Amino acid sequence: MNIDFANLQLQYKKYKTDIDKQIELVLNKSNYILGEQVFELEKKLKKFTNVKNAISCSSGTDALLLAMLAIDIQPGDEIITTPFTWISTSETIAMLNAKPVFVDIEPDTYNIDSNLIEAAITKKTKAIIPVSLFGQPSDMDNIQAIANNYNLKVIIDGAQSFGGIYKNKKDSNLGDISITSFFPSKPLGCYGDGGAVFTNNNEYAEKIKMLRVHGQNKRNYHKYIGMGGRLDTIQASILLAKLQYFEKELVDRQRIANYYTNALSDKFETPVIRKDRLSTWAQYTLKINNRNYVQDELKKKGVPTAIFYPLPLHLQECFKYLNYQKDDFPIAEKACSKVISLPMNAFLTLDQINYITSNLKKYI
Ligand SMILES: Cc1ncc(COP(=O)(O)O)c(C=O)c1O
């Protein structure tokens, strides 16, 4: 059997008629930049998330930049975040000459440990960026309470969690600003780079709309230093086609995660989702000791796996200047040495899951 990790090919085949029709509309109109489909998508994203403002943009990374520019992050400001995430979360902080300040994670959810945040706050702290890792929102009540107490902003990196839920609210509808990514392999992906910024704050929304078109408030007049950060119309049209099927995909991902957990929980540390949350299952991640051996053996059997992430951010070469040391964040470091993610997409069949889990059990 040959298993596909994200199975974008099969997804395209299933939605081909809708996707091709949407792309053709754009090609026929040549409205490639900020065409009407971009605004139609934003309307639908607003409806899906129940957030007042949804602004599409060029990627999840750019969405983080736009969010930080909107809250006016300045050089030297400190932003508290997790060391166990994709580089974008702190790369963008550093790009603005602000300082990422890491806080260790919870061992079971892999999200930032909100009980450790307060100790990391200084006079320079301006914001907290929790990441909804693998699709599960962080401990938002606690994080928001700390932010309120110290007058900090909260930007949620929901790149992996579009559709994720915390206490009956979409992940995009929490914090001051929330972002997501439409990278192809994300739960809702386009066919290139894409992202979105969500906020209930109309002032931030107006600023972000200007920032994504070079800070223009009207053509050729630039109120802010901004960027070319638009989502292109073809990507918006693909997302419009796929959004119709997204709720169903989330249900299917949950069902598949349940199958995995039922099959594996007797032998493995399976994912923990808190009772007040729903994950989008961007990844289904286990912790195992003999990861490399298991990964090699599964590969021989046609089962691809992935490591998110092998090295925590505080030990990355690019962050040497922050002077963190090994053992500074032991939970994140331990996670990096043990995690392995299994194939996850809405189209995995029971036969495929049985094949994956029975093979996996042979090698531990
Ligand atoms: C947690 C997290 N933040 C940010 C990003 C950046 O998103 P993009 O690849 O769309 O720039 C990603 C993408 O992998 C991510 O997983």
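Predicted model: local features only at pLDDT ≥ 70, side-chain atom pairs only at ≥ 80, totals over all residues.
Residues are numbered from 1 along each chain as its sequence is written, and side-chain values use heavy atoms, with hydrogens and water left out. The helices (H or I, at least four residues) and strands (E, at least two) are DSSP runs numbered from the N terminus.

So, α2 itself. It covers residues 36-49, 14 residues, and spans 20 Å from first C-alpha to last, close to the expected 20 Å; that expectation is 1.5 Å times one less than the number of residues. Which residues of α2 are buried? They are Gln37, Val38, Leu41, Glu42, Leu45, Phe48 and Thr49, where buried means under 20% relative accessible area, exposed over 50%, and partly exposed in between (1.4 Å probe, protein chains only). Down the axis of α2, the buried residues fall within an arc of 140°, so they line one face; the arc is taken from the directions from helix axis to C-beta atoms. Lys43 and Lys47, on the other side of α2, are exposed.

Ring pairs join Phe48, Phe162, Phe182, Phe198 and Phe246 into a cluster. Rings of Phe, Tyr and Trp (its six-membered ring) pair if their centres lie within 6.5 Å, and planes under 30 degrees apart are stacked, over 60 edge-to-face, the rest tilted. Lys170 lies over the face of Phe48, 4.1 Å from the ring centre; the rule is NZ of Lys or CZ of Arg within 6 Å of the centre and within 35 degrees of the ring normal.

How many aromatic pairs are there? The count is 21. One of them is Phe162 with Phe198, stacked at 5.8 Å centre to centre and 15° between planes. Phe162 is in the loop between β5 (153-157) and β6 (165-166), and Phe198 is in strand β9 (residues 195-199), 36 residues apart. Both Phe162 and Phe198 are buried.

Last one: Tyr293 and Tyr363 are edge-to-face, 6.1 Å between centres and 85° between planes. Tyr293 sits in helix α9 (residues 291-300) and Tyr363 in the segment after α11 (350-362), so this pair ties together parts 70 residues apart in sequence. Tyr293 is partly exposed at 43%, whereas Tyr363 is buried at 11%.
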